[in-house]
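I kept the entries in the order in which I looked things up.

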Amino acid sequence: MKNNMRTDDQEVSNIPHLTEEELLSAAEGNRGYLLSKSAAAHLEGCQDCNGRVSMAIEAMNLLASLPVPEPAEDLFNIIETRLRREAHESESPRAIAMPSAEAEVMTPEELASFLRIPTDTVYELLQDIPHLNLAGQIRFRRSSVLGWLDGIERNSGRHSSPAPCDLDLSPRLWREGF
Amino acid sequence: MSTKPDLLFQAYLDGDKEGFAPLVNEMTPRVFGFFVRLGAYPQDAEDLCQEFFTSLMRSAATFEPGRPFLPWAYRIARNIHVKFSSRRSRLNVIPFNEWAAAEAENSCLPGGGHSSDPAGAIETRDRIDGLLSALTPEKREVLVLRHFQELSFQEISQVLGIPEGTAKSRMFSALIDLRSAAAKEDR
């Protein structure tokens with residue numbers, strides 16, 4: 001037995017061990033991957049490589065024994081309803097954009113038009129903007145967003161000359177008819 | 001070569017913007033399975049599926065006709081999951097199972113936790129995670145895309161933006177890690 005192993009080792013010693021790519025091809029063999037002749041010859045005689053291929057095959061068998069996650073039946077309807085509504089909204093963006101800035105609660109699209117930034121940017125900033133996640137629907141409370149904006153404004157002035165807030169705001173208040 | 005999802009997405013792009021039902025039917029089980037196998041709880045995976053489809057719709061204009069659909073779609077799904085994971089770790093959210101366990105303890109309903117999981121979706125997720133949590137996130141995503149989502153290594157390299165050879169060696173070492181972890185558990 002020992003002698004046999006030694007002979008095997010000697011036969012394969014001048015061919016390098018298989019790379020991980022080749023070992024994977026061997027393990028996935030049943031999916032139609034082929035090894036080069038020299039790699040196949042090495043594998044035949046090398047216990048080390050053979051052992052690793054067996055381990056990979058055993059791992060694949062473990063994976064095959066796992067259950068398949070199935071989405072709940074109503075998820076299809078929820079998604080379709082949501083997509084239908086978004087498709088509809090995107091056809092008439094003006095119609096929703098105008099009253100939205102007045103609303104107490106805003107959708108991402110409405111917030112985007114309120115802040116005059118692209119909707120994608122709203123999603124990028126989602127981690128920073130205070131928001132509500134209502135069963136997957138993102139909404140923004142106007143008051144929270146205003147508070148958040150105040151915070152950003154204050155921070156932006158921290159390193160420049162500190163100007164009193166009311167002075168900063170007065171021109172805008174004038175323009176808005178105060 | 002055009003796969004079924006390729007054709008359905010093309011039909012959606014060509015047709016009216018409400019013709020997404022066949023695409024939703026085809027892709028929802030795939031991306032739901034993708035998110036759960038990456039470790040999301042069923043409830044979160046459902047939210048992520050919704051996010052996936054709205055993002056898909058919004059990005060449809062940037063899709064180059066003739067390019068393969070699946071790698072592009074999985075890239076979107078994968079980005080959504082990356083954002084979800086970082087949001088989760090940043091907010092330090094209570095994992096759903098702990099919340100559910102606490103909820104079940106407080107509940108007077110007979111059967112405890114099973115009342116909130118009639119279809120065994122959480123149990124399925126936990127069985128999968130029990131095995132796959134032995135992997136690093138990098139290896140896990142390659143393994144999920146290859147073994148369960150059945151993408152080619154060329155497609156995986158497009159989804160993850162890594163060379164094909166890297167994807168293959170990650171896949172192999174993921175399989176070895178899995179087997180070693182399972183062997184330790186048996187002991």
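**Chain B overall**

I began with burial: 49% of the 187 residues in chain B are buried, where buried means under 20% relative accessible area, exposed over 50%, and partly exposed in between, with a 1.4 Å probe and protein chains only. The model is predicted, so I noted that local features need pLDDT of at least 70 and side-chain atom pairs pLDDT 80 or more, while totals for chains, interfaces and linings use all residues. Residues are numbered from 1 along each chain as its sequence is written, chains are lettered from A and ligands numbered from 1 in the order written, and side-chain values use heavy atoms, without hydrogens or water.

I then listed the secondary structure of chain B and found 9 helices and 0 strands, taking helices (H or I, at least four residues) and strands (E, at least two) as DSSP runs numbered from the N terminus. I looked up the accessible surface of chain B, which is about 9,200 Å², with 51% of it on carbon and sulfur atoms; the areas come from the Shrake-Rupley method with a 1.4 Å probe, and for residues only the protein chains shown count as cover. For contacts (heavy atoms within 4.5 Å), I took the pairs in chain B at least 6 apart in sequence, and 64% of them join residues at least 24 apart.

**Helix α2 of chain B**

I checked the length of α2(B), residues 21-37. Its 17 residues should span 24 Å at 1.5 Å a residue, and the end C-alpha atoms are 24 Å apart, which agrees; the expected span is 1.5 Å times one less than the number of residues. I found a kink of about 35° at B:Met27, shortly before B:Pro29. The bend is the angle between axes fitted to the seven residues ending at a residue and the seven starting there.

Is α2(B) enclosed or open? I count it as largely enclosed by the rest of the structure, because 12 of its 17 residues are buried. Among them are B:Glu26, B:Phe32 and B:Arg37. Just after the helix, B:Gly39 has a positive phi of about 120°.

In α4(B), residues 69-91, I picked out B:Pro71. B:Pro71 counts as buried, at 4% relative accessibility. Beyond its neighbours within four places in sequence, B:Pro71 is in contact with B:Glu155, B:Gln158 and B:Val159. I also looked up B:Ile156, 85 residues from B:Pro71 in sequence, with the two C-alpha atoms 7.0 Å apart.

**Interface with chain A**

I found 46 residues of chain B in contact with 42 residues of chain A. The two chains bury about 4,400 Å² between them, 67% of it on carbon and sulfur atoms. On the chain B side, B:Gln50, B:Arg58 and B:Phe172 lose the most area to chain A, together 16% of what that side buries. Buried area is the accessible area (1.4 Å probe) that two parts lose on being put together, summed over both.

How many salt bridges cross the interface? The rule finds 4, a salt bridge being a side-chain nitrogen of Lys or Arg within 4 Å of a carboxyl oxygen of Asp or Glu. I noted that B:Arg58 forms a salt bridge with A:Glu109, with the closest N and O atoms 3.3 Å apart.
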